[in-house]
Amino acid sequence: MNKEDVAVVGAGSTGASVAYHLSKAGHRVTLIEMDQIGGGTTSRSTANVRTHYSNETLARMALYSLGVLRGMEGTGFVKSGMLFLVSEEHWPAAERNVSMLRRAGVREDVLDRTEVARLFPEVEVADVEHFVHEPESGYADPVSTARTYASMAESLGARILTNTRVERLSSSGASNSLLLGDGRTLETPKVVLCTNVWTNGLLAASGVAREGLLPIRAVPHPVLVYRRPEGYLGARVIVSDYLKRAYYKPEGRSLMYGGSIDAEIDEVTVEPEECPTQVPDDYVSAYSQAMVERIPAMKEATIQRTYYGMYDTTPDELPIVDGLSGIGLPGVYACVGLSGHGFKMCPAFGVMVKEMLDGTADVSFERSSFALSRFGSGRLTGTSYSGLGSIV
Ligand SMILES: Cc1cc2nc3c(=O)[nH]c(=O)nc-3n(C[C@H](O)[C@H](O)[C@H](O)COP(=O)(O)OP(=O)(O)OC[C@H]3O[C@@H](n4cnc5c(N)ncnc54)[C@H](O)[C@@H]3O)c2cc1C
């Protein structure tokens, strides 16, 4: 067994899973987090766990990960199912995806309006022509999942440093040196960056020139949390509404999380330190009105709070899982740019990074579409759902 030392920077759902999978493979892992475990964008995630993707690799990763998240203690997985309301415009792409997903082993039910009205009477669908239902999908608790992976890694011998920032790293080929916020230095042959929107800040502080930084933008996404009214409580299906470009996720027995899949939102870029906090009132009013048109029972709901979380978005909304020797950092790897759909795949990312470092292929997800070199090739694939963000 390879007992190489690896430092994993960032303990969100990705880094914690990576730390676990590397520890399980026999590496001596140090997991370093400047906040608490899961305290980054993971803590802001609405954590939907679906398998409907148009990119086959992502679909296979999502299917694999769904099985893990469902079976693993500590993830808080809830099997609510997910209902996709598909516009006429997006139906050809959705239909192709359904065929591809079924071949990949995903359960995708195409329903008609009568069946939807019977199964989900709370959802108003008079204006919708096409419906896909994923009964196996649901949502999980993202922070608990990250903590669970971190403690599984720790029980396999990983060292965990929280409230510890990596200020910069320098690479000399055989060894990497990490300068920590408390002045200590950590020497290690391999480093994995799972640092989400903060990746380029760390790379710039480490001397990587502007042209070498990764094509990742920090995109603020609004989340609205409602208290559901008396008549609309209990476990309910998550609705992904391609017509209104929004999703509505009933959580637990009394909350509803509202989020956007409108590609327009993805055009905004912020510095990670400048992410807005409160969602403006006019956005809340417009969003709430659209949601009530779709789920009339939400008319009596009250807003509990609003907040923003950031997506680490790449130009094609596919992740970057690759080594960084091309930008002068041999021995440094990245699993970043997850573009707003990374939580549900954290088990698969753990496997993928482990296979990348070890050169093995035990589970094996095809990784070439996540290579950094794709951005220079001019052959980006992207989503087949135009106008919809973070769908891919
Ligand atoms: C509003 C919102 C809704 C979402 N909804 C979904 C969804 O429904 N389904 C889904 O699958 N995904 C969703 N996502 C995306 C998903 O949550 C993320 O892709 C995933 O959680 C990212 O995990 P991560 O570990 O890569 O990043 P993070 O959780 O951000 O972890 C990165 C960590 O690195 C640490 N760090 C950074 N720099 C340093 C440094 N220099 N030194 C030490 N530590 C450092 C940070 O503190 C942070 O904790 C959503 C995201 C948001 C914001």
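**Inside the core**

Guide: Happy to! Let's start at Val8, which in this predicted model touches Gly15, Val18, Ala19, Leu22, Val29, Thr30, Leu31, Ile32, Val192 and Cys194, leaving aside residues up to four places away in sequence.

Now widen the view. Val8, Met61 and Val192 are the residues with the most contacts inside the largest nonpolar core, a set of 51 residues. Several elements supply at least two residues each to this core: the strands β1 (5-9), β2 (28-32) and β19 (329-336), together with the helices α1 (13-24), α2 (56-71), α3 (91-103), α5 (142-155) and α8 (346-358). Of these, α8 gives the most, with 8 residues. Because residues come from both domain 1 (5-43 + 142-216 + 316-377) and domain 2 (80-136 + 218-310), the core lies between the two domains. Apart from this core there is another, of 30 residues, with Val128, Tyr248, Val270 and Val279 among them. As background, nonpolar side chains tend to be buried together in soluble globular proteins.

How do the two domains stand to each other? Their C-alpha centres are 31 Å apart, and the contact between them involves 6 residues of domain 1 and 4 residues of domain 2.

Not counting residues up to four places away in sequence, Thr51 touches Ala59, Ala62, Leu63, Leu66, Leu101, Val106, Glu108, Glu134 and Ser137.

Let's finish at an opening. The second largest pocket has a volume of about 220 Å³. Its lining is made up of 14 residues, and Ser43, Ser45, Pro142, Tyr257 and Tyr307 are the closest to the pocket's centre. Two or more lining residues come from each of α5, β15 (246-251) and β17 (302-313). Sorted by class, the lining of this pocket holds 6 nonpolar, 5 charged and 3 polar residues. Domain 1 and domain 2 both give residues to the lining, so this pocket, too, lies between them.

Methods. Residues are numbered from 1 along each chain as its sequence is written. This is a predicted model: local features need pLDDT of at least 70, side-chain atom pairs count only at pLDDT 80 or more; totals for chains, interfaces and linings use all residues. Side-chain values use heavy atoms; hydrogens and water are left out. A nonpolar core is a set of buried Ala, Val, Leu, Ile, Met, Phe, Trp, Tyr and Cys residues joined through side-chain atoms within 4.5 Å. Buried means under 20% relative accessible area, exposed over 50%, partly exposed in between (1.4 Å probe, protein chains only). Helices (H or I, at least four residues) and strands (E, at least two) are DSSP runs, numbered from the N terminus. Domain bounds come from an automatic or database domain assignment. Contact means heavy atoms within 4.5 Å. On a 1 Å grid over the protein atoms alone, a cavity is a set of points where a 1.4 Å probe fits but cannot get out, and a pocket is an open set with protein on both sides within 12 Å along at least five of seven lines; lining residues have an atom within 4 Å of a point. Grid points are joined across faces, edges and corners, and a volume is the space filled by probe spheres set on the points. Ala, Val, Leu, Ile, Met, Phe, Trp, Tyr, Cys and Pro count as nonpolar, Asp, Glu, Lys and Arg as charged, and the others, Gly among them, as polar.
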